[in-house]
Amino acid sequence: MQITNTILMIRPVAFRKNEETAVNNYFQADLDIKNTEINRKAQQEFDDFVDVLRLKGVNVIVVDDKKETDTPDSIFPNNWVSFHVNATAVVYPMFAENRRRERREDIFDILEENGFEIKDVIDYTAAEEEGIFLEGTGSILKDRVNQKAYCALSERAHEELFIEFCEDFDVFPVVFTANQTVDGERKPIYHTNVMMAMAETFAVICLDTIDDKTERKGVISHLKNDGKEIITITEAQMHCFAGNMLQVIGADDKRYMVMSSAAYSSLRDDQVKAITRHCEILHSPLDTIETCGGGSARCMMAEVFLPKREK
């Protein structure tokens, strides 16, 4: 299965702009309000988003963050953990030191209490000691059906560790560099999943960010050969988080492409039609989370592919 109907989400208690991640996340910006108000707004956006998903029958497991850990980016759990069909959880090395506190073993217990099975945990976090990072499904975009993984290299996505991940999971690595313009300079985009989204039968991608023509052709070739319709977005649309989408399964096995309202509003009519030929679109306002966190809808959802425990 490329997509799932079960999502893990972490409700924030201390959300704010994270200064440690802002050094290479150029999507983050300041809001001229107090952190307590930023967190309150983020919680409301979070709750409304969860309601939108649950209304369509998506199984959302919500876990509250812990105040004592002081983790402003805990709302983005997909960067530190992923859950796989072989009953394996993977824990990843994080660039920002304060994000490493997001890792919680009790999350595994909660998933098991919800009937899921975890037999093994693969832990790559020792790489942090060498300054090597790979931030989960932020860095790694898997085409599970075709056994491939796409990765835009950056300070948060180290090529050697990505290759090791691909070997461990027997997937073919598609490696490239994606850049954005920052103050007139081309700089690496911090996560693959802000410029690209992989669905069952299509992919949304900002090809303009792949400056190297050979790499761009390679990515296009892989997607086309695997039968994906390529829906391109502009760099301006990417900055509205139009690349930060996730396809999920709702009630009656219905498919939905989930994004923020800012992302949806940035799309042209022809792009909306292209997506809706494949599945319905769900969107919810995430303005505060996007502005301060530099991430959007996809970043908030950690997919759960774990098998159900036998009764």
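Visitor: Which residues have the most contacts inside the largest nonpolar core?

Guide: First, a caution: this is a predicted model. The residues you ask for are Met-195, Met-257 and Ile-275, in a core of 39 residues.

Visitor: Which elements give two or more residues to this core?

Guide: They are the strands β7 (148-152), β8 (172-176), β11 (196-198), β12 (202-205) and β15 (255-260), with the helices α5 (213-225) and α8 (269-276). The largest share, 4 residues, is that of β12.

Visitor: What is Met-257 in contact with, leaving aside its neighbours within four places in sequence?

Guide: Its contacts include Ala-197, Phe-202, Val-204, Met-245, Ile-275 and Leu-282. Gln-247 and Glu-280 are also among them. Another core, of 25 residues, lies apart from the largest one; Phe-49, Leu-282, Leu-286 and Cys-292 are among its members.

Visitor: Which residues of α1 are buried?

Guide: Ile-38, Asn-39, Ala-42, Gln-43, Glu-45, Phe-46, Phe-49, Val-50 and Leu-53.

Visitor: What covers them?

Guide: The cover includes strands β1 (6-11), β2 (59-64), β15 and β16 (280-284), along with helix α9 (287-293). After α1 comes Gly-57, with a positive phi near 90°.

Visitor: Now the sheets. How do strands pair?

Guide: Through backbone hydrogen bonds, in a parallel or antiparallel sense. Here, β1 and β2 run parallel and are joined by 6 bridges. Ile-7 has Val-60 of β2 as its bridge partner.

Visitor: In what order do the strands of that open sheet come?

Guide: The order is β2-β1-β17, 3 strands with mixed pairing. The edges are β2 and β17 (302-303), each pairing on one side only.

Visitor: What do β3 and β4 form?

Guide: A hairpin, with 4 residues between the strands. In the turn, Ala-87 has a positive phi of about 65°. Strands β3 (residues 81-83) and β4 run antiparallel, joined by 3 bridges. Val-81 stands opposite Val-91 of β4.

Visitor: Which way do the residues of β4 point?

Guide: Thr-88 and Val-90 point one way, Ala-89 and Val-91 the other. All are buried.

Visitor: How does β4 pair with β5?

Guide: In the parallel sense, over 4 bridges, with β5 covering residues 120-123. Ala-89 stands opposite Val-121 of β5.

Visitor: Last, the cysteines. How many disulfides are found?

Guide: The test is whether two cysteine sulfurs lie within 2.5 Å. A search of the whole structure finds 0 disulfides. For Cys-151, the nearest cysteine sulfur belongs to Cys-166, 7.9 Å away.

Visitor: Is Cys-206 buried or exposed?

Guide: Cys-206 is buried, at 0% relative accessibility. Cys-151 is buried too, with a relative accessible area of 0%.

Conventions: Residues are numbered from 1 along each chain as its sequence is written. This is a predicted model: local features need pLDDT of at least 70, side-chain atom pairs count only at pLDDT 80 or more; totals for chains, interfaces and linings use all residues. Side-chain values use heavy atoms; hydrogens and water are left out. Buried means under 20% relative accessible area, exposed over 50%, partly exposed in between (1.4 Å probe, protein chains only). Two strands pair if DSSP finds at least two bridges between them. A nonpolar core is a set of buried Ala, Val, Leu, Ile, Met, Phe, Trp, Tyr and Cys residues joined through side-chain atoms within 4.5 Å. Contact means heavy atoms within 4.5 Å.
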